[in-house]
Amino acid sequence: MATNWVAGVGLLIACVLWAAQAVLVPGWLADAEERSGDIVWRLGAERKDERRLIVVDIDERSLREVGAWPWSRGTQAKLIERIAAQGASQQIFDIVFTDPMPGDSELAAAVEKHNVVLAQVFALQQGGTDSVGALSGALAWQGCPPPFTEARGYIGNSSAIASRHAGHITPRLDSDGLVRHVPAVICHQGKAYATLSLAAFLRATGDEGLAVDRGDSPLDASWMLAGKNLPLGAIPVDARGDLRVPWRLHPDSLVSVSAADVLAGRVPAGLLANAWVLVGSTAFGLNDSIATPFGAAGAGLQVHAQLIAGLIDGQVPRTPRLAPWYQLLAAAAGFALLAALGRDRRKFPVYLLPIAALLWCGVLWVLHAVQLDRSALWLGWAQPGFFVVVAGIAMGILQHAKMRVDRDRLYSHLSSYLPAPVAAALASQSPSSAITASTNQVSVMFADIRNFSAYCEARPPEEAAAVLHAFFSTAARIVEGEGGVIESFQGDAVVAVWNGDPAGAGAPAGLDAKTRSADHSQRALRAAVKLHAAMHGVLPDPAPGGLEPLALGIGVETGPAMAGSFGLASRRTHMVLGRTVTIASRLVEMTAELAHPILVGEGLAAQVGAAGLESLGTFLLEGMRVPHHVYAYPLQPAPALA
């Protein structure tokens with residue numbers, strides 16, 4: 001029941017904190033998940049020569065050899081012709097030819113002849129409503145279907161260079177500046193325009209009947225772009241209308257050739273044959289730089305290269321429709337695991353619950369990474385991971401608090417049956433079968449109710465129990481008030497000890513051994529006197545008819561004694577034993593014979609001074625081999641105890 005209570009409160013706290021973070025700090029878990037995806041891409045990036053797609057790079061060397069940018073339209077047309085002459089199957093330009101220039105007709109003819117896919121840019125996150133140039137390559141759609149976004153402005157190619165095939169190069173920048181998504185389609189004034197990589201893919205497949213559809217399978221994305229000629233099935237699009245960039249290829253895998261070499265005819269034979277050619281720039285001065293999982297400054301053409309490779313391989317990552325249910329199941333399974341582990345605190349300490357939650361979070365990340373790498377599935381892990389970690393921390397704290405409460409309650413019970421120092425030691429130690437004892441200079445008080453056996457025989461048990469309860473309670477209050485501890489209740493007798501623990505509990509700090517011994521001797525004698533006086537209101541007086549009156553006999557002595565725990569770990573007892581204890585016990589037995597209720601041994605008399613005590617002579621106590629001097633504490637007025 002206690003474990004269920006802790007698990008239930010932990011579940012409630014996890015739910016509240018999960019909801020609070022979603023409201024107060026929206027998106028931070030999604031950001032953390034995206035950043036963890038960067039690690040997956042970096043760890044699993046393929047290092048191979050990607051020869052299906054060749055990059056023609058307008059690099060720094062090209063600018064030195066050919067001239068500063070922008071190049072003439074004739075040079076651009078020549079570049080297209082040289083690439084076509086090398087046998088390229090498709091040319092994709094990550095370049096926007098915005099301003100009209102001399103030679104536009106020559107470039108337009110080359111673009112038209114070789115069905116070059118041109119680029120254009122829309123204003124989404126970047127703002128702005130101005131439009132420059134002309135848009136082209138619109139999809140054959142009626143209006144702008146969901147989930148795609150309407151742009152405010154654009155930068156298109158010069159109207160003289162319009163191409164039937166064009167795609168936008170507008171990235172979706174995340175909060176940290178990295179490009180992880182690209183809008184699959186952007187709308188403007190009721191027309192839809194595909195991204196550059198998708199436009200090139202559609203041009204290669206000849207599919208112009210692209211349609212937006214809801215996924216049918218639980219493994220499908222929120223939206224799917226379907227076509228008649230798509231070789232690997234529909235293309236997944238997320239709820240915002242974005243393609244997730246599959247950063248599967250390490251940047252070193254992209255085979256690149258300088259544009260200067262293409263223009264000069266220095267391209268290795270067959271390099272461009274039947275390949276898709278992506279023309280772009282890595283030159284620093286052209287400002288086509290983005291942040292990627294592989295570095296803070298990478299060429300913008302890398303996004304299109306990665307998407308083209310993903311579209312060809314059918315490996316564009318998708319968030320399946322079952323992802324929320326998977327995450328819910330992952331959170332429930334993690335919580336169930338924590339609840340199961342928390343049931344047995346002996347086998348699984350509570351401080352391991354948060355660690356187990358973190359390990360479960362790691363398991364979810366590994367599953368997410370494996371599915372992303374092998375199946376292009378973005379399942380997600382941060383939401384269920386956060387929930388389980390919060391639940392683990394909450395359950396660990398609650399279990400620890402409960403253990404503290406249980407330990408304090410157990411200590412309170414133990415200290416009511418054992419001396420407080422002994423109870424404290426037992427609460428912090430593991431069970432042991434070894435003797436745990438020490439010898440100290442102690443003062444011992446035995447107090448016994450005489451004639452109590454006959455009283456119990458004649459009176460109802462409830463009445464005898466009430467007398468005994470009152471006696472024990474009074475004795476405990478007086479002994480503890482004088483700095484002693486109740487060692488045990490033995491039948492109708494009380495055994496109390498002063499200085500029984502090694503630290504000398506009850507004595508003022510800073511005293512030497514001799515002074516401390518005198519101090520606890522004084523305390524023991526005062527307790528005996530007070531206890532005797534207090535019995536006038538506790539013991540029945542007069543005694544019930546036919547019974548001897550109940551009376552209290554007390555024996556006190558000071559000397560060495562051993563205090564400790566004895567027995568097997570499965571059943572132990574705590575006791576004080578030795579000559580001092582035996583003497584105190586024998587003195588109690590002599591109180592009736594000597595007609596003195598308080599008898600004092602010679603050890604205690606030596607500590608407090610025998611001047612205030614009455615010497616009764618030397619006696620050979622039962623079981624002892626050496627005679628012992630016995631003193632009595634006079635109940636008539638006598639010098640006050642110091």
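Q: By class, how many residues in the lining of the largest cavity are nonpolar, polar and charged?
A: This is a predicted model, in which local features need pLDDT of at least 70, side-chain atom pairs count only at pLDDT 80 or more, and totals for chains, interfaces and linings use all residues. Residues are numbered from 1 along each chain as its sequence is written, and side-chain values use heavy atoms, with hydrogens and water left out. Ala, Val, Leu, Ile, Met, Phe, Trp, Tyr, Cys and Pro count as nonpolar, Asp, Glu, Lys and Arg as charged, and the others, Gly among them, as polar. On this scheme the lining has five nonpolar, one polar and four charged residues.

Q: Which residues line the largest cavity?
A: A cavity is a set of points, on a 1 Å grid over the protein atoms alone, where a 1.4 Å probe fits but cannot get out, and lining residues have an atom within 4 Å of a point. By that criterion, the lining consists of Glu34, Gly37, Asp38, Trp41, Arg180, Arg244, Val245, Trp247, Pro293 and Trp378.

Q: How much space lies in the largest cavity?
A: Grid points are joined across faces, edges and corners, and a volume is the space filled by probe spheres set on the points. A search of the whole structure finds one cavity of 30 Å³ or more. The space in the largest cavity is about 50 Å³.

Q: Which helix gives the most to the lining of the largest cavity?
A: Helices (H or I, at least four residues) and strands (E, at least two) are DSSP runs, numbered from the N terminus; the protein has 17 helices and 27 strands. With four lining residues, the main contributor is the element at residues 28-44, helix 2.

Q: Which residue of strand 17 stands opposite Gln90?
A: Four bridges pair strand 2 with strand 17 (residues 276-280) in the parallel sense. Strands of a sheet pair through backbone hydrogen bonds, either parallel or antiparallel. The residue opposite Gln90 is Trp276.

Q: Which residue of strand 11 is the bridge partner of Ile186?
A: An open sheet of mixed pairing has the order 5-10-11. Within it, strand 10 and strand 11 run antiparallel, joined by four bridges. In the loop between strand 10 (185-188) and strand 11 (191-194) lies Gln189, a residue other than glycine whose phi is positive, near 50°. The partner of Ile186 is Tyr193.

Q: Which residue in the turn between strand 21 and strand 22 has a positive phi?
A: Strand 21 (residues 485-490) runs antiparallel to strand 22 (residues 493-498) over five bridges, and Val485 stands opposite Val497. The two strands form a hairpin with two residues between them. At about 65°, the positive phi belongs to Gly491.

Q: What is the omega of the cis peptide bond that joins Pro146 and Pro147?
A: Pro147 is placed in the loop between strand 4 (131-132) and strand 5 (149-150). Another cis peptide bond joins Trp69 and Pro70, with omega about 5°; Pro70 lies in the loop between helix 3 (60-66) and helix 4. For Pro146 and Pro147, omega is about 10°.

Q: What is the radius of gyration of the protein?
A: The radius of gyration is taken over C-alpha atoms, and the globule rule is 2.2 Å times the number of residues to the power 0.38. A compact globule of 642 residues would come near 26 Å. The C-alpha trace spans about 140 × 50 × 40 Å along its principal axes. The protein itself has a radius of gyration of 46 Å.

Terms used
1 Å grid on protein atoms, 1.4 Å probe; cavity = no way out; pocket = protein on both sides within 12 Å on 5 of 7 lines; lining within 4 Å. Pairing = 2+ DSSP bridges.
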